[in-house]
Amino acid sequence: MSSQKKELGKNIDSIAFYLKNAKGADKFPYLKRAVLLSEELKIDSLIKQTSIEYAKQSYFIKDTLGLTFSKNKLLKHFQLKKDSFSLAKAYHLEALNHKIKNNLDSTFYYYHKSKNVSIALKDSLEIGRRLLSMAIIQVKELDFIGCEITTIEGLKYIEPLKKYRTLISLYQTLGNALGHLKKPKEARFYYLKAQKICKFNTVKHRREKNYLNLLSNIGMTYKDEGNLKKAASLFKEGLNSDSLETKHPKQYQALLGNLSAVYFREGKTEKAIEGYKIVLKSRIKTKNLYSQSVSHSFLAEAYLKNKKYSLAKKHAKRGLELGKETRNNKQVLECLEFLSQLTKGETAKKYLKDYIKLSDSLFTRERSLKNQFAKVRYETEKKDIENEYLKEENARKHLELETEKQHKIIGWLLAGVSVLFIGFGLSIVSIRRKKMIFEAKMQQIEAREKERQQIAKSLHDEVAGDISMLHLKLEKTNQLKAAKSLDVIKENVRNLSHQLSSESFDKVPFKDQIINIVSDFFEIDFKIKIIEIDSVLWKAVNNSIKRTLFLSIRESIQNSKKHAQATAITLTFNETKKAVFLTVSDNGIGFDVNSLRKGIGLKNIQERIEEINGVFSIESKLKKGTIINIEIPKSGK
């Protein structure tokens with residue numbers, strides 16, 4: 001036994017040796033030996049540690065075979081030990097594999113699968129990291145609305161943990177999305193939040209890079225607002241950092257490039273050109289071909305404005321060449337546009353034709369990928385809802401069988417005692433039946449609410465996103481009137497998605513939800529008063545009853561404001577042991593209850609209440625306001 005322990009200790013020491021000395025030419029052979037030895041020893045923690053380290057180093061050098069090797073080891077470990085963390089990591093490695101190959105839709109899909117496994121594990125840090133990765137893909141593919149939703153979801157998991165590195169990246173990514181959506185003030189809010197927590201980054205080099213990146217981003221929000229003086233002061237502040245070009249060349253290039261863009265906006269073209277040339281020289285030095293294409297495009301634009309056409313043409317051609325090489329499609333488009341203006345005849349026509357063709361293909365790809373991202377979310381969540389429904393259905397059938405057995409036993413016992421007990425038994429059966437019917441109705445309401453949430457999400461993710469993309473394209477082609485009309489349609493779609501959607505009462509208390517409604521509708525000439533809301537113990541009230549009351553209140557307030565022309569509305573709550581009561585009264589113009597047919601709003605309220613055995617009544621007189629009384633039994637009786 002002692003010799004076995006010694007052998008085990010020796011092997012563990014060997015793994016530690018391989019991990020510590022995995023450098024240079026010995027890096028991957030040593031790491032692979034560590035993985036295989038850990039697998040042989042069947043020590044779970046070492047299998048995961050060594051496989052993940054091998055994968056990390058493989059990703060750094062873009063080795064897809066190394067990533068696949070580690071993924072397979074983790075999948076095998078999951079199959080043997082049912083360790084879900086290994087499964088989540090395996091999906092993560094598969095996502096990185098597709099990322100190297102630039103298969104962004106597949107990358108997004110596996111990030112999503114990894115995130116869902118982490119949700120089941122309640123691993124908030126891993127959930128937040130995967131959501132960040134998904135959001136970065138969405139920005140790259142111009143799905144800015146989708147990115148906004150994803151980053152906000154990620155912040156819910158990371159903010160309580162105070163994991164500052166991931167938190168800073170989430171704030172920056174959200175700011176980038178909002179900046180592209182032409183919301184500079186909102187973007188700046190999140191950049192400033194990231195700036196406040198930069199000091200918590202313990203690695204000095206990384207802390208400095210974060211701070212410089214944020215200075216550049218915040219400056220761009222002021223530039224987008226037209227506050228060029230403020231933008232320039234922030235860019236200069238960053239450029240005054242000690243040994244900036246040597247220590248942080250990329251940040252130096254971004255800050256100087258942005259400052260030069262400010263000079264260009266101010267009409268100081270020569271000064272802008274001087275800055276652009278310095279940035280280009282630095283980017284050539286660091287061999288950053290992607291960014292070089294950006295510099296050439298800026299120089300082409302500046303020389304074109306200065307009427308130095310030969311130089312403009314030279315930089316536009318070089319920018320086009322590098323843009324194609326690095327798949328920087330934005331710069332390819334810009335350089336094609338410049339060249340169509342700088343050339344004549346058939347050559348100009350060819351550049352313009354290439355511009356239109358590429359622009360249309362990019363728009364189609366962006367829309368396709370964005371829809372794919374939304375579909376990944378939809379299909380996964382749809383499957384989750386179906387699985388939940390099947391669980392509920394199985395539980396319901398089991399309950400019915402058990403109840404039926406109980407009824408038979410009770411029936412035989414009561415038959416042998418007396419008619420009195422038979423009657424008593426029947427009353428119990430009746431009560432239980434009512435309770436089962438009530439519970440079934442509650443499940444139906446929950447299922448319908450999930451469908452409403454899914455429709456709302458599809459409207460927000462897909463329809464509103466498509467409209468935003470088309471809106472940006474119309475603005476770019478100066479079709480401002482059409483863009484303005486489309487903006488109104490987009491807001492209507494988003495408002496509809498918000499109306500269909502409602503927060504979970506497990507996450508946001510009922511009282512807070514009602515306060516949110518009141519805040520949304522409250523105006524100087526339309527006051528809403530809440531009475532005795534704390535008299536009801538809301539935690540003990542079924543979520544379906546709370547949701548029915550929530551929707552009824554929202555519909556009633558909308559009716560009072562829109563149709564009844566009310567200036568004041570009162571919500572009064574009460575409860576007994578058996579029921580919850582709500583009275584909604586307003587001082588509007590009223591109507592003749594007997595002569596006027598109910599509108600769709602009132603019908604919706606009445607149907608919801610009666611569906612769960614509630615009582616709905618309405619009292620109204622012309623010029624004397626309207627009173628709606630609602631009573632809902634807590635147990636369906």
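This is a predicted model: local features need pLDDT of at least 70, side-chain atom pairs count only at pLDDT 80 or more; totals for chains, interfaces and linings use all residues.
Residues are numbered from 1 along each chain as its sequence is written, and side-chain values use heavy atoms, with hydrogens and water left out.

**Confidence**

- The mean pLDDT of the protein chain is 81, and 75% of its residues reach 70 or more; pLDDT is the predictor's confidence in each residue, from 0 to 100.
- Within the protein chain, helix α15 (residues 269-285) has the highest confidence, at a mean of 95, and helix α20 (residues 419-476) the lowest, at 57.

**Overall architecture**

- The protein chain contains 24 helices and five strands; helices (H or I, at least four residues) and strands (E, at least two) are DSSP runs numbered from the N terminus.
- Of its 637 residues, 44% count as buried, where buried means under 20% relative accessible area, exposed over 50%, and partly exposed in between (1.4 Å probe, protein chains only).
- Among contacts in the protein chain with a separation of 6 or more, 61% come from residues 24 or more positions apart; contact means heavy atoms within 4.5 Å.

- Helix α2 (residues 27-41) has 15 residues and reaches 21 Å from its first C-alpha to its last, close to the 21 Å expected at 1.5 Å a residue; the expected span is 1.5 Å times one less than the number of residues.
- The buried residues in α2 are Y30, L31, A34, V35, L37, S38 and L41.
- An α-helix has 3.6 residues a turn, so residues three or four places apart point the same way.
- Helix α6 (residues 104-121) has 18 residues and reaches 26 Å between its first and last C-alpha, close to the 26 Å expected at 1.5 Å a residue.

**Positive phi values**

- Most residues other than glycine have a negative phi.
- K182, in the loop between α9 (164-180) and α10 (184-197), has a positive phi near 60° and is exposed, with a relative accessible area of 54%.
- S243 lies in the loop between α12 (228-239) and α13 (244-247); its phi is positive, near 50°, and S243 is partly exposed at a relative accessible area of 40%.

**The surroundings of D83**

- D83 is found in the loop between α4 (64-81) and α5 (84-100), and D83 counts as buried because its relative accessibility is 16%.
- The side chains of D83 and K48 are joined by a polar contact of 2.9 Å; a polar contact is a pair of N or O atoms within 3.5 Å, where within protein one must be able to donate a hydrogen and the other to accept it, and residues adjacent in sequence count only if both atoms are side-chain atoms.
- The D83 side chain also reaches the backbone nitrogen of F85 at 3.1 Å.
- Apart from neighbours within four places in sequence, D83 is in contact with K48, H77 and F78.

**Cysteines**

- The structure holds zero disulfides, a disulfide being a pair of cysteine sulfur atoms within 2.5 Å.
- C198 is buried at a relative accessible area of 4%, and C335 is buried at 0%.
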